[in-house]
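I opened the model today to look up a few local features. My notes follow the order in which I checked them.

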Amino acid sequence: MKNHDVIVVGAGVIGLFTALELRQSGLDVCLIDTAMAAHSASWAGGGILSPLRPWQEPPAIHCLADWSRTAYRELVPALEQTTGINVGLQAQGLLWLDLVDETAALDWLVGHGRIGNKLDQSGLAVLEPNLNVAATGHGLSNPDIEQIRNPRLIRALQAAARIAGVDLKSANAPAELIIDGARCPGIRVADEQVLAINTVVCSGAWASKLLAEDEITASLYPVRGQMIAYQLPEPPCKHIVFQHGHYLIPRNDGVLLAGSTVEEVGFDDQTTAQASGELQAFAQRLLPGLTNREPDWHWAGLRPATTDELPLIGPHPRIAGLYLNTGHFRNGILLAPASARLLADQFLGREAFCPAQPYLPARFMT
């Protein structure tokens, strides 16, 4: 049986970027997509390449986010050329409505060299003619924020991984880590063992099931997010619009996403009529043209959150050969390139582009 250099468990955006990063560094990489549905958060998200409220995020998030935003602008053209898949990267800007901390938001934007434009109702009407300005009082816009079509990104990364020589395996059963003393020599899926010198767990919230009794993964838990979408003849707004915890994301082909809920319901990824009604009411309030129109799609995904709101990136402190790259909550698409690079930097002993300490899994060990 072949012994790989590394197994990556979980073929969502984090796992795919991690597998590619390690493969491009010359390693023999096996990527396992299992029945744990580890990619569900990647497919289900909105693809906004910014934290929703960046001024509320800790510096450790911005270290990864800033690196990733730059990386996306460089890697997307190469990815599209290699695979022939248009991943839909576009600069749209984000419009925040009725922020209670608007001054803090504007101060953060200006302090970080970003553009922040304050808008009253008349300014909002000029910027977004279809917007119901009676449903808002004031706004703040930033034109630099981009979005990406995350399902297309996943397909492109899968194609790029195959082209690069990553060994992709799909399984219809959950994975189980093989623990031999204080070492992890691979995983077991159904009756098959897949062996490697090192294993990287990128299976989102399902990482807590792989190490159910572990102090580290006890800090990791799923948060359900539900979204709806409409297929419209043309985009009804030009910007991503955020208000009171919900957002609208217009795609350039007329698809409009409305999201999302934040629900701590364990590993229940079912959709609910209550969430659909909540999201429809939000979308119709801001865009009255959607009134009496049913959404075309409704789905849910499980985001991996941690108790300190920072991802887990790095080696397991007690099990040799085991690494984690998970816990990105709502920022998985945004932080994926930087998280993969930081994991690879640690894995290969390279000088990291930012301090690894805030993300190390060892921070949860007593």
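**Entry 1: the glutamate.** I kept in mind that this is a predicted model. I went to Glu-146 and found it in strand β7, which covers residues 146–147. Is Glu-146 buried or exposed? Its relative accessible area is 9%. The cut-off for buried is under 20%, so Glu-146 counts as buried. I then looked for a polar partner. The side chain of Arg-73 makes a polar contact of 3.3 Å with that of Glu-146. I also listed the neighbours, leaving out residues up to four places away in sequence. Glu-146 touches Gly-47, Ile-48 and Leu-49, then Arg-73, and also Leu-89, Gln-90, Ala-91 and Gln-92.

**Entry 2: the sheet.** I traced an open sheet of 8 strands with mixed pairing. Its order reads β5-β6-β4-β13-β14-β15-β12-β16. Which strands stand at the edges? They are β5 (117–119) and β16 (297–306). Each has a single partner strand, so one side of each is left without a neighbour in the sheet. From one strand to the next, the twist averages 20°.

I checked one pairing more carefully. Strands β12 (residues 220–231) and β15 (residues 255–259) run antiparallel and are joined by 5 bridges. I picked out Met-227, whose bridge partner in β15 is Gly-259. As a reminder to myself, strands of a sheet pair through backbone hydrogen bonds.

**Entry 3: helices across the sheet.** I noted helix α4 (residues 102–111) lying across β4 (94–97), β5 and β6 (139–142). It runs at about 20° to β6. Helix α8 (residues 273–286) lies across β4, β12, β13 (240–243), β14 (246–250), β15 and β16. The angle of α8 to β12 is about 50°.

**Entry 4: helix α6.** I tested the length of α6, residues 150–164. At 1.5 Å a residue, its 15 residues should span 21 Å. The end C-alpha atoms are 20 Å apart, which agrees.

Which residues of α6 are buried? I found Asn-150, Leu-153, Ile-154, Ala-156, Leu-157, Ala-160 and Ala-161. Down the axis of α6, these buried residues fall within an arc of 165°, so they line one face of the helix. The general rule I used is that an α-helix has 3.6 residues a turn, so residues three or four places apart point the same way. I then turned to the face of α6 away from its buried side, where Arg-162 and Ile-163 are exposed. Last, I looked just past the helix. Gly-165 follows α6, and its phi is positive, near 100°.

Note on methods: Residues are numbered from 1 along each chain as its sequence is written. This is a predicted model: local features need pLDDT of at least 70, side-chain atom pairs count only at pLDDT 80 or more; totals for chains, interfaces and linings use all residues. Side-chain values use heavy atoms; hydrogens and water are left out. Helices (H or I, at least four residues) and strands (E, at least two) are DSSP runs, numbered from the N terminus. Buried means under 20% relative accessible area, exposed over 50%, partly exposed in between (1.4 Å probe, protein chains only). A polar contact is a pair of N or O atoms within 3.5 Å; within protein, one must be able to donate a hydrogen and the other to accept it, and residues adjacent in sequence count only if both atoms are side-chain atoms. Contact means heavy atoms within 4.5 Å. Two strands pair if DSSP finds at least two bridges between them. Axes are lines fitted to C-alpha atoms, for helices over the stretch in contact, and angles run from 0 to 180 degrees between N-to-C directions. The expected span of a helix is 1.5 Å times one less than its number of residues. The arc is that of the directions from the helix axis to the C-beta atoms.
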